[in-house]
Amino acid sequence: QLQLVESGGGLVQPGGSLRLSCAASRFTLNNYGIGWFRQAPGKEREGVSCITSRSGRINYAETVKGRFTISRDNANNTVYLQMNNLKPEDTAVYYCAADRRPSRGARCVMPITRSDYEYWGQGTQVTVSS
C-alpha cells in the first residue's frame, strides 16, 4: 500500500516561505495524481493544490494562487509545495494525498475533496505568526 510522508512544516513569520515535501517509498509517485490539503482547527479540510500524474495539469485554490507552487521531483520520488508570502490564515496542518483511480483527484479538477484521494500522509504543521 502506498505510504506518504510529509515534511517541511514549521513556524514562520508572515511574509516568509516554507517548502513542504511529500515523499513515498516502494511506489512511483509520478504514477499518481497528488493533492495538497490543509486543515485548520475547527475548519473543514481544504484542497489547496493538485497535480496530475506526469504533471500534465496543475491547479490551485484561489486562496493560494500566485503564492503556492506545486511541483514534482521524479528523481527523488517527491512532490513539493513551495509556499511564499505566507499569511496567518495559512496556519494549518498540511496533508498530501495520492490517487490513481479515474477520480477528480487523479484528474486534478478543482475543487478537490477528501473523497477524491485514496492515500493520505500523516500531516505536517505550518504556523504563520509573528
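A residue is called buried when its relative accessible area is under 20%, exposed when it is over 50%, and partly exposed in between, with a 1.4 Å probe and protein chains only. This is a predicted model, in which local features need pLDDT of at least 70 and side-chain atom pairs count only at pLDDT 80 or more, while totals for chains, interfaces and linings use all residues. Residues are numbered from 1 along each chain as its sequence is written, and side-chain values use heavy atoms, with hydrogens and water left out.

**First stop: the aromatic rings**

Select F37 and Y117; F37 is buried, and Y117 is buried as well. Rings of Phe, Tyr and Trp (its six-membered ring) pair if their centres lie within 6.5 Å; planes under 30 degrees apart count as stacked, over 60 as edge-to-face and the rest as tilted. The structure holds five aromatic pairs.

Helices (H or I, at least four residues) and strands (E, at least two) are DSSP runs, numbered from the N terminus. Y32 lies in the loop between β3 (18-24) and β4 (33-39) and Y119 in strand β10 (residues 119-120), so the pair ties together parts that are 87 residues apart in sequence. Y32 and Y119 are both buried.

Return to F37 and Y117, which form an edge-to-face aromatic pair with 5.5 Å from centre to centre and 85 degrees between the planes. F37 belongs to strand β4 and Y117 to the loop between α1 (104-107) and β10, so that distant parts of the chain, 80 residues apart, are linked.

**Second stop: charges over rings**

A charge sits over a ring if NZ of Lys or CZ of Arg is within 6 Å of the ring centre and within 35 degrees of the ring normal. Select R45, whose charged end sits over the ring of Y95, 3.8 Å from the ring centre. Then select R100, which lies over the face of Y32 at 5.1 Å from the ring centre.

Select C22 and C96, which form a disulfide with sulfur atoms 2.1 Å apart. The link of C22 and C96 is right-handed, with 70 degrees about the S-S bond. C22 is in strand β3 and C96 in strand β9 (residues 92-99), 74 residues apart, and both cysteines are buried.

Next, select C50 and C108, also joined by a disulfide, with sulfur atoms 2.1 Å apart. C50 lies in strand β5 (residues 46-51) and C108 in the loop between α1 and β10, so the pair ties together parts that are 58 residues apart in sequence.

**Last stop: a hairpin**

Select strand β7 (residues 68-73) and strand β8 (residues 78-83), which pair in the antiparallel sense over six bridges; two strands pair if DSSP finds at least two bridges between them. F68 has M83 in β8 as its bridge partner. Four residues lie between β7 and β8 in this hairpin, and N77 in the turn has a positive phi of about 50 degrees.

Technical notes. A disulfide is a pair of cysteine sulfur atoms within 2.5 Å.
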